[in-house]
Every structure is written in structure tokens, then in C-alpha cells.
Amino acid sequence: MEAGLTDKAKENNKVIGVGSVASGSIDLVAFSEYDEYLRLNEIFTGDRRKRLVRKIDLHVLPQLIFLYLLSYVDRSNVGNAKLFGALADLGMSGQQWNTALSVFFATYAFGGVPSNIALKKFGPKIWIPTLMICVSIVLICAGLQSNFAGWTSFRVLLGLVEAGMYPGCSFVLTNWYAPHELHSRMTIFYSGASGAGAFSGLLAYAIGQLDHKWGYRGWRFIYVIEGLFTFFIAIVAFFLVHDSPAKVGKWLTDEERQYLLLRHKFSAGGTSPIPEKELFNMKYVKLSFKSFHTYAIALIEFTIAVVVYGISFVLPTIINNLGYTATTAQAMTVPPYIFACLVTLFSGWAADRYKQRMLSVVLPNIMAVIGFVIIIPSVRHSSLTGLTLFGVFLLAGGLYPVSPAVMAWTALNTSGTMKRAVSLALMLSFSQLGGIMGSNIFIAIEAPTYNIGYGICLGMLVVFGVIWPIIYFFILKGINAKRAKLTKEEIFAKYSEEELAEMGDESPLFRYST
């Protein structure tokens, strides 16, 4: 069989199939990988494709959802810690508290890119559980601190080890799902974040009942108990996280595995006979840093980071100022997060169903703007408690769908697995610097009106959450239209297949999702 291959077939990674039997001889038919993909694509249609996708949903998604839920709870429980005595227990001023919040985002922004490079090198099955073990150790140590220096040091470390979780898990999803399936699965996965908000509130409410037990304040119990639980789950995760179809042997058939691998290789930027690059090569890191699209989408996520983290830090305080006790305020934060979870799931389904990326960003942001418009005046009047809570619902429901939307948009508009891994992390890392801003614009002495915080958040949402995505949409439409004017004959006359593969999303064959 090897002798029957031409040199050109070898160079193009031909797949050999058995043809018909005639006159006692077997005709060998050489299919290119792309031809094999087209053949399998005709087989995996309708109910068979749905069954395969459901199989992936059951074996890949739940682990990532739960791991990210834990990661998000671990990161966001700082607001709960403040309510249960951390500020006084650590002898910190309000400004010192904000400083400790800010340094987390400095290392959180720095750690994403090197983490995803390591993930591409060692594989998600090893790297993601390792990150979780590091998170658990840092949490336990943070719960044992007694002063500003110790607390701040472990906030720095927490940002560094937490940084890789979201972009790392998102990259795993890109290995498994087709472009028209990715956004909805990212929202299912990310719903763990809004679910984490509800879970965090309930957990803090429960653990908060231990406040003053054995002479310790409730915030210490929150950190130590969550840290121990995270460590246990991280050990289990070594056996449950699935890297890619290539490394799964039990629950996929050989044909299903081949189809998923070829689909992943040829479906980026529209079906093309040019496979995307899958090599580990540091030159793709440089390409990610030079990509305009990374920063264009990062502007949107930067805005969301400012608002989400700012609001998450003060939401329990806002509800507390409406007349509820600290423990009741924790429970009252749960319904808005549940609503946000439902809106996030619907947004992802609609984006994949109608193939609309820009609208999946703009419409939720408009909802968040309306929420702010309601909250800003109503929070000044204690008699308008119901209206304020309604604004909180709209705000949470508008903010949470945007992060998975921009992650999906980045993944779909980046070709090459190494470049995609780095671009996801870089976009998120740059945008998470907004957490530094968000944790400092809600000044304690302005409670409950928070004029500066609300004003900055509202202005940024309008400019970068609503107006800029529309501008970026037309930029992408213009690039696609220019590329569509070129015929395939013109493209292949100018570039070789290898050059087109190296160009990735800059190839004239690539079409950006809008």
C-alpha cells in the first residue's frame, strides 16, 4: 500500500480508502483529508450528528462547568468575606481593601497568556486540574492571614493561578465543537459563572452561620472550607477532563473521532480545503499580540469586567442598604444571578441559531444600560426597593451573556489552535485589567448612590458595549466583502496551500463571523 502512494499524496497527508473489488483485484482510492471530511460530513447529518453532539455535551461540558463554577466562586467570594468580618479582622482600612482587590487583577491579567501556552504544551487534562490545586492551596492560606500584607500577598497569588481557568476551559470547548455549536456551549459553560453567583451567595449564607464560632469570624470559614473542597475536586478532575477527540478512546467510535478531528481542522472561518495549523510554535504568540481583532473584542470585555466586578463587590452592600441584614442580603443576591443564567443560555442559543455575533453582544448590553438607568435614581429612595431590585435583575441579565459571546467571537475569528489559545487568553487578560478599575470606582463613602461608579459604568457600556460592537461589525463585513471578490483561482494562483495555512484568519479564504 505504501508503494502505491505518490510523493504528492504523502505530502498532502492522504488517507487511503478501499475501493471496489473488480476482476479479483482491489482498487485503492486516495482521498485527501478534506475529501474524507466531506464524506464524513455527509454521514454525520440529522439525528446522527445530534446524537454525537449530545454525547460530547454529556462527557465534556459538565466537568468544565463545575470546575469553572468553583473557580468563579473562589474568586468572587471576597465580597462575602467583607460582610462576614474580613475588613475588621485583618485591621484594614477601606482603601487598603480596595488595594487588595486591585492587585488580584494585575496578576490575573498577566497570568492568562503564559497559562494557555502551558496548557497547549502539557494539555488541558494535566494543566487545568493543576491550576485548581494551586487555587485551593492559596485559598486555604488566605483564610489563615491576620493582616493587610498577608492578605494582599495571597490575593496576588490567587490572581496568577486563577488567570488560566476561563481561557483554558474555553479553549477546550473549541477542540470539540463546530463553529455553529460553540457559542451556545460556551454560554452553557459560562452559566456556571452566573450560577456561581447564586451558589456563592447561598454558600456564604450557610457558612456565615458559623460566624464567631470557636472565636473565628465567618470569612475564615468561607475561605478554608471552599479551599478544601476545591482541592478534592481538582484531584478528581485529573481523571475527568478530556483534552480533545484524539485522546479519547472509550466513548467515541473510530469514525466519530475521525469526523470530529477533521471537522475541527477544516471548519474554521468557513469550510475550506486548507487545514488550520495545529502545531505548538511560539511564532503564533507573536501573531496573537499583533492581531487587531484581539484588541477590538477586548475593549468590549474590558468594559464588562469593569462593570461586573464593580457590581459584584458592592451588590451585597447595595441590597444590605435597602434594609436587609448581612445574611439576608446574601440570599437576596441569588435570584438576579439565576435570571442572568437563564438569559445567558437563551443568548447563546439564539446566537448559534441565527448566526449573529454582534447582536448577541449589543442587545444584552442595552438591557444592562436600562438596568443602570433604573438603579441610579431608585437607589436613592428606600421606598423604591422593588424598582431597585428590578434594575438589578436587568443589570445582571444584561452583563453575564456578554463574556461568553466575546469569547466565542474571538475563537471563531482566529485560525490556528496555538494562535486561538493565546488570543483567547490575551483578550481576556487585557480586558481583566478592567477589574482594577471596577474595584476602585465604587467608593464606600458614596454608598448607596455611588455616583462615580454608576456614572463610569453607564458611560462605558454605552460607548464600548453598544456603539463599538456595531462599528466592529461593519469593519468585519467590509473585510469579508473584499475577500469575496477574489476567486479561488486567483487566490491559489497567488498563494500556495502552505502559505494559506500559515496565514490563518488573514487568509483570503477565511470569513469572519459577524
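Guide: Helices here are DSSP runs of H or I with at least four residues, and strands are DSSP runs of E with at least two, both numbered from the N terminus. By that rule, the protein chain has 25 helices and two strands.

Visitor: What kind of model is this, and what cut-offs go with it?

Guide: This is a predicted model, in which local features need pLDDT of at least 70 and side-chain atom pairs count only at pLDDT 80 or more, while totals for chains, interfaces and linings use all residues. Residues are numbered from 1 along each chain as its sequence is written, and side-chain values use heavy atoms, with hydrogens and water left out.

Visitor: How much of the chain is buried?

Guide: Of the 514 residues in the protein chain, 56% are buried. Buried means under 20% relative accessible area, exposed means over 50%, and partly exposed is in between (1.4 Å probe, protein chains only).

Visitor: What share of the contacts join residues at least 24 apart?

Guide: The share is 78%, counted among contacts in the protein chain between residues at least 6 apart in sequence. Contact means heavy atoms within 4.5 Å.

Visitor: How many residues are in the largest nonpolar core?

Guide: That core has 122 residues, and W151, W176 and Y223 have the most contacts inside it. Helix α15, residues 292-320, gives the most to this core, with 13 residues. A nonpolar core is a set of buried Ala, Val, Leu, Ile, Met, Phe, Trp, Tyr and Cys residues joined through side-chain atoms within 4.5 Å.

Visitor: What does Y223 touch?

Guide: Leaving out residues up to four places away in sequence, Y223 touches N77, V78, A81, L139, I140, A142, G143, W151 and R155.

Visitor: New topic. Where is S403, and is S403 buried or exposed?

Guide: S403 sits in helix α20, residues 402-412. With a relative accessible area of 4%, S403 is buried.

Visitor: Which side chain does the side chain of S403 make a polar contact with?

Guide: That partner is the side chain of E301, at 2.9 Å. A polar contact is a pair of N or O atoms within 3.5 Å; within protein, one must be able to donate a hydrogen and the other to accept it, and residues adjacent in sequence count only if both atoms are side-chain atoms. Not counting residues up to four places away in sequence, S403 touches Y166, Y190, E301 and I304.

Visitor: And E181, what is its helix?

Guide: E181 is in helix α11, residues 179-207. E181 counts as buried because its relative accessibility is 4%. The side chain of E181 makes a polar contact with the side chain of R263, at 3.2 Å. Beyond neighbours within four places in sequence, E181 is in contact with R49, V53, R263 and D352.

Visitor: How do α7 and α8 pack?

Guide: Helix α7 (residues 94-122) and helix α8 (residues 124-142) pack at an angle of about 140°, with their axes 7 Å apart. The two helices are therefore oblique to each other. The contact is made by S115, A118, L119 and F122 of α7, together with P124, I126, W127, I128 and L131 of α8. Axes are lines fitted to C-alpha atoms, for helices over the stretch in contact, with angles from 0 to 180 degrees between N-to-C directions. Angles under 35 degrees count as roughly parallel, over 145 as roughly antiparallel, 65 to 115 as roughly perpendicular, and the rest as oblique.

Visitor: What does V103 touch?

Guide: V103 touches T152, R155 and V156, not counting residues up to four places away in sequence. V103 is in helix α7 and counts as partly exposed, at 22% relative accessibility. The C-alpha atoms of V103 and T152 are separated by 7.4 Å, although the two residues are 49 apart along the chain.

Visitor: How many residues of α21 are buried?

Guide: In α21, 14 of its 15 residues are buried, so that helix is mostly covered. In α19, 11 of its 15 residues are buried, among them T385, L389 and V392.

Visitor: Last one: where is K355?

Guide: K355 lies in the loop between α17 (334-354) and α18 (358-378). K355 is exposed, with a relative accessible area of 53%. K355 also has a positive phi of about 55° although it is not a glycine. Most residues other than glycine have a negative phi.
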